[in-house]
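Please read these notes with the structure open beside you. They are numbered so that each can be checked separately.

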Amino acid sequence: MNRRKFLGILAGAAAGAPFLADSAVSNFPQLQGSKNKLLPFSNRQHQYDQPTAAEAADLQPIERPQIHNQRDTLEDKIAELIITDRGSIGSFFPGGIILTKQQTREGHLFGKYHSYDPERAQSTVEDVLKSAAQMNKRVLIYDEGEGGFVTRIGTLPAAGDIGNYYVHNRIRGTITGRVTPSSDKNTRKNQIVALFENYAKELHNRGVNAVLGPVLDVIISGKNDNLIERDGRSFGPSHAATVDLAQMYINAMHRYGIRVTGKHFLGAGIPKNGDVHEELVTQTRRIRPRLNAGSVYRRLREGLDGVMATHIRNPADNNKPYILSEVALDYLTQTKYQDDGRTYRGIDFNGLVITDDILMKGVLEYVKRNKLTKRQQKLVAGCSNLESKTAVLAIDAGCNAVIALQTDVDSIVRGISYAYKTGDSKFKNRVDNSFRKYQEFVQKFNLN
């Protein structure tokens with residue numbers, strides 16, 4: 001439902017049909033923000049004053065069906081590298097489904113925030129798994145994994161509030177009422193571990209296999225005003241605290257068999273401003289923040305199952321978005337890598353490298369504007385749209401899996417397939433390596 005249609009519904013509500021607007025917001029919780037901008041005075045339900053609100057439910061843990069993964073064709077194997085939303089499933093069944101707010105949250109006409117709805121979330125997962133079983137296609141269920149203001153399943157406080165409590169013993173915002181103050185850091189750590197444990201248990205019980213978290217972006221406190229900082233998505237300005245908290249998060253998820261994807265490589269919290277969802281954003285040219293960001297990934301590389309690369313542009317590689325920067329992805333995945341004839345120390349991460357959503361304007365605009373080499377032109381010759389071109393270029397640069405939401409997944413599969421069949425050995429090796437990496441990612445934990 002678009003904003004114009006929603007405004008029409010609200011106009012009807014003002015004319016004496018409030019049940020229409022209430023139904024719209026309830027079923028489309030992503031409209032909560034639009035409603036707040038239009039009718040801020042309507043936020044009178046105090047139980048929905050925080051994004052960590054939840055509906056009461058008493059559910060048994062989901063029972064996951066045994067699925068024989070029948071992926072015999074090249075296209076079916078490529079489809080397993082695609083992570084999308086339920087509405088984008090086409091002829092080829094993807095390997096991952098990301099849950100949306102509409103499938104996990106409930107909106108409230110007179111509340112400030114939507115609330116977590118366990119029954120809605122579990123029903124969605126059960127429907128996806130039923131479809132996967134009918135098609136004999138294995139699928140992983142993904143959740144955003146952040147908590148705070150980027151909510152899907154569960155009620156985890158915002159990373160910024162968790163970091164403030166851990167480092168400074170400050171209780172505010174979304175963590176209020178969830179922990180108690182203590183001058184002892186170990187006590188605070190234990191309370192945060194309990195938050196992560198409860199979150200991981202809820203994810204597991206609802207059928208989630210992987211999270212797109214934790215956020216490893218370390219902000220430059222007081223100097224930036226980008227999306228990561230504004231929404232409290234970073235644990236804060238301390239690299240040491242970020243590593244500590246991320247390790248607690250990883251351990252909690254692993255205890256419940258959930259795969260963890262750190263994001264956003266190399267650092268979406270460093271740029272001074274900008275939103276890659278809507279525009280091209282360039283990384284800082286300062287070396288020290290980027291070295292510190294790389295150090296965070298190096299210290300966590302053994303625990304992370306995956307890493308999500310950002311669309312922010314890499315100043316060390318002609319301002320290419322990180323998902324398209326072979327230099328950056330070599331830095332992430334190699335022990336040593338080459339750049340301009342010199343050898344540098346890499347991070348040596350051996351897990352799955354995932355793109356951020358390739359439908360973001362920050363990367364699509366780059367692909368649209370920039371001239372491709374003759375080799376790249378040949379690789380994307382079978383692509384019918386910008387997103388399929390972006391997917392092929394990301395795989396060619398070194399990414400292993402592609403997030404593509406609200407789009408034609410079939411066109412992406414066909415584009416990669418065409419490049420595999422007609423391209424050079426380098427691209428074929430990239431795809432074959434992606435198949436191997438994805439199988440390692442899946443098999444790390446039992447799906448049940």
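1. The open sheet has eight strands, in the order β13-β8-β7-β6-β5-β2-β1-β14, and the pairing is parallel. Strands here are DSSP runs of E with at least two residues, helices are runs of H or I with at least four, and both are numbered from the N terminus. Two strands pair if DSSP finds at least two bridges between them. β13 (352-355) and β14 (402-403) stand at the edges with a single partner strand each, so one side of each has no neighbour in the sheet.

2. This is a predicted model, in which local features need pLDDT of at least 70 and side-chain atom pairs count only at pLDDT 80 or more, while totals for chains, interfaces and linings use all residues. Residues are numbered from 1 along each chain as its sequence is written, and side-chain values use heavy atoms, with hydrogens and water left out.

3. Within the sheet, β7 (residues 259-265) and β8 (residues 306-309) run parallel and are joined by four bridges. Thr 261 lies in β7, and its bridge partner in β8 is Gly 306. Thr 261 counts as buried because its relative accessibility is 0%; the cut-offs are under 20% relative accessible area for buried, over 50% for exposed and partly exposed in between, with a 1.4 Å probe and protein chains only. Leaving out residues up to four places away in sequence, the contacts of Thr 261 include Gly 213, Pro 214, Ile 354 and Phe 441. Contact means heavy atoms within 4.5 Å.

4. Two cis peptide bonds deserve a check. One runs from Gly 213 to Pro 214, with omega near 5°; Pro 214 sits in the loop between β6 (210-211) and α9 (227-230). Another joins Phe 265 and Leu 266, with omega about 5°, and Leu 266 belongs to the loop between β7 and α11 (287-300).

5. At what angle do α7 and α10 pack? Helix α7 (residues 159-168) and helix α10 (residues 239-255) pack at about 115°, with axes 11 Å apart. Axes are lines fitted to C-alpha atoms, for helices over the stretch in contact, and angles run from 0 to 180 degrees between N-to-C directions. The two helices are therefore roughly perpendicular, a term that covers 65 to 115 degrees. Ile 162, Gly 163, Tyr 166 and Val 167 of α7 meet Ala 241, Asp 244, Leu 245 and Met 248 of α10.

6. Strands β11 (residues 336-339) and β12 (residues 342-345) pair antiparallel over four bridges. Gln 338 has Thr 343 in β12 as its bridge partner. The two strands form a hairpin with two residues between them, and Asp 340 in the turn has a positive phi of about 55°.

7. Asn 319 is in the loop between β9 and β10. Asn 319 has a positive phi of about 60° although it is not a glycine, and is buried, with a relative accessible area of 19%. Beyond residues up to four places away in sequence, Asn 319 touches Thr 282, Arg 285, Arg 313, Asn 314 and Tyr 366. Tyr 366 is one of the buried residues of helix α13 (residues 361-369), and the buried residues of α13 pack against β9 (313-314), β10 (320-321) and α15 (386-397).

8. Asn 136, in the loop between α6 (118-135) and β5 (140-143), also has a positive phi, about 55°, without being a glycine. Is Asn 136 buried or partly exposed? Asn 136 is partly exposed, at 28% relative accessible area.

Conventions. Angles under 35 degrees count as roughly parallel, over 145 as roughly antiparallel, 65 to 115 as roughly perpendicular and the rest as oblique.
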